[in-house]
Amino acid sequence: MYVSTARNSDLAAGVRLSHRGGRVAANVVALGAVSMVTDISSEMITAILPAYLMLGLGLSPLGVGLVNALYGGLSGAVRLIGGHLADRSNRRKAIAGAGYALSALCKPALLAVGASVAGISAVIGIDRIGKGLRTAPRDALISLSSTEGSLGAAFGVHRAMDTLGALSGPLVAFLVLWVAPGRYDAVFVSSFCIALAALVILALFVRDHREPLAHKAASLRAATRLLRHKPFTATFAVACLLGLATIGDSFVYLLLQRELDIALAYFPLLPLGTNAVYLVLAFPLGRLADRIGRWNVFALGTVALSGTYLLLLTAPSGWPLLAGTLTLYGIFYAATDGVLMAIAAPQIDDLLRTSGLALVQTATVTAAAGSSVAFGAAWAWAGPDAALAVAAAAAATTGLLAWNLRSTATSRPDRT
Amino acid sequence: MAANRWRLVAGAACVLVLLAAAVTYVVRASHQVRSAGPGPAANATGSPAAGLGADEGAPATALFDGSDAIVFVDNHPGLEYGRLSAVSRADPGGPRRRSDIRCDRAYAAAGRIVCLRETNDFVGDHEALIMDRELQVLSSYPLAGMPSRARLSSDGTIAAWTVFVTGDSYTTGTFSTRTSILDLRTGRLESNLEKFSIALGGKPYRAADVNIWGVTVAADDRTFYATLATGSRTYLVKGDLAARSLTTLRQNVECPSLSPDGTRIAFKKRVSEDASGRPWRLHVLDLATMTETPLAETRNYDDQALWLDNDTVAYGLLTGQPDQIGVHDLWTVPASGGGTPARLLDFGSSPALAPALTPAPTPTPPPAPAT
């Protein structure tokens, strides 16, 4: 099996992306390709699902939307379970693969359940489970395939490829519907084929990382003990705070859209603008994080988030608001999402890498879900301005904390 | 090295086969769409030139003319799907006059038509068209999302529409609505009714999650009714276009439709939390007594009903055939709560009533309320 020689050959086959920065391992690029192709597939569905439900099936999306809200918590729990299973079984690629396969199967399943709202909700739920399952093992594989000095760049490359897929998905879906008007089934079938292609790339080109002596070390108790290791605890706390400072994409775009009433028809383009900035900056900021310190770049990201809220709060009119908000929000993503993983990964023993990363991700996602609900309540209670001011302060606090951590060692504890 | 090369070749071959399968399926679907003719409707002739009955004054190109007509969106699977059409009120199963205009949702009243549709420029980009009965476009407005509901006041001077804003679903999978009201006399567009002042249970109210949909306009062209949703509850609201205000009247009322005499509202009431079953049932609410009556339609109903007269409401219902996605028939049911549903016509959605035109070709504004 080629698996046994994995790490050395990865580094040997590394892709040289810069003169001064580290190499990004071939395995990271392969994982990036899997994510990119998977995102094309899943964003094809996301882009047309409302139209399919409404115009295709004649269902009211509001009813479906209510059901969707339940899945946030489910995804967090699955993430933790998936992380633990991956470490314990020592088969990160297999667990990630199961997650990708589950989501792939959801594409024909969505078509098969027809106009049953319960069926559609169940399939969307299974898709979320697949996503929850694969994220932590994938990020663990990225970190285990990279040298410590190039983690920022590695996650940057991966997130950029991921975002490129997310940007292309809707375009592919619209292309299919343009060629075959009204044939949503063609979108589902081609999305399924593309998801299978991602599985092929995963199976053939991504190498697993198996740690010797894994089973005993990767107990649940060991995983919870991670939180007693100071640097990791600090990272975990910052991840929670970051989540609390995140009001959610829909609120950002909703607020933006309210300020810019002119551009009604262009509402769907707002996330595209943010993602375009994310795509362009993910790798440069990741590499910058490797060079000037990851906490510094992370702090920059929280400043950008705070700036996003302040722009929405002070609301200068027209294009400056639009360009400024989308740029700052894109910088926030590019400077925090992958960088946080690059900060956390070296603080976690290889044997517990997946569980540890799952903990950090779940903290952020869960806190963000709660924060979004709280923001909605604060809006109703005190108005959007007060709610935004609090969120901006929370983001700034997160940034201060991150900046204070800039000198802490990123090394993991000695394996005992 | 040999293993590596084998992997590369096998991987590339698999990916190519999968892509070829995808492309083949899409191309086949494309051919099927383009070669599909009118559906197997028994009683529709499919002749666009078929007249609607005697009419002296109207030009030959008018979609509806001198006699009472039902204007609707044709739902025949295939090329007829989505075409704005009309049939005689006296003979709904008779010949259809089909236009070349495709609408996702439409409404007609007093010589005016509002049509919500996908633009010709870009897939997923929608617009509202205001047309006269000869289908001349008078004005158009960009829409923030997918068409849901469209209405005109009975004299054709106030247009209202609701769309689903889908931009935020890109990442979250949630939906919100946006409802606009247009005064055709002045061209004034209220692009977002959520900006109106809201009184909920008598108290001023504001929240980020407010959604409004399904407007019906009263005869004074100033009062209207709609659905307001916040915090997972829905309310019937009475709106004042001039005062820019919304007042909640009652809970659990969606997609209201005001009767011709202005005394009752047909609406969909959520009767089951189980979204997979039949969550809504068509009801009628008496505005004077606030008593509601369930109508005889018990199948899965999701539409904004149309009053054909003071005793009968019409609505679209999915055919439910597995091979007919998004295909509706039009039905009627007595507004009293008695009787049984009756089929109005096959393969149609978005019903509207275009009464016989009296000599005045353009809508005459009523005594204008102060604005």
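Cys115(B) is buried, with a relative accessible area of 0%, where buried means under 20% relative accessible area, exposed over 50% and partly exposed in between, with a 1.4 Å probe and protein chains only. Please keep in mind that this is a predicted model, in which local features need pLDDT of at least 70 and side-chain atom pairs count only at pLDDT 80 or more, while totals for chains, interfaces and linings use all residues. Residues are numbered from 1 along each chain as its sequence is written, chains are lettered from A and ligands numbered from 1 in the order in which they are written, and side-chain values use heavy atoms, with hydrogens and water left out.

Which residue is the disulfide partner of Cys115(B)? The partner is Cys103(B), the two sulfur atoms being 2.2 Å apart, and a disulfide here is a pair of cysteine sulfur atoms within 2.5 Å. The pair links distant parts of the chain, 12 residues apart, with Cys103(B) in the loop between strands E3 (97-102) and E4 (105-109) of chain B and Cys115(B) in strand E5 (residues 112-118) of chain B; helices (H or I, at least four residues) and strands (E, at least two) are DSSP runs, numbered from the N terminus. The link is left-handed, with -110° about the S-S bond, and Cys103(B) is buried too, at 4%. Over all chains, the structure holds one disulfide.

Asp162(A) is buried yet has no salt bridge, and the nearest side chain of opposite charge, Arg138(A), is 4.3 Å away; a salt bridge is a side-chain nitrogen of Lys or Arg within 4 Å of a carboxyl oxygen of Asp or Glu.

Finally, the strands. In chain B, six bridges join strand E16 (residues 233-240) to strand E17 (residues 245-251) in an antiparallel arrangement, two strands being paired if DSSP finds at least two bridges between them. In the hairpin of E16(B) and E17(B), with four residues between the strands, Arg244(B) takes a positive phi near 55°.

Definitions and conventions: Lys and Arg count as positive and Asp and Glu as negative; His and the chain ends are not counted.
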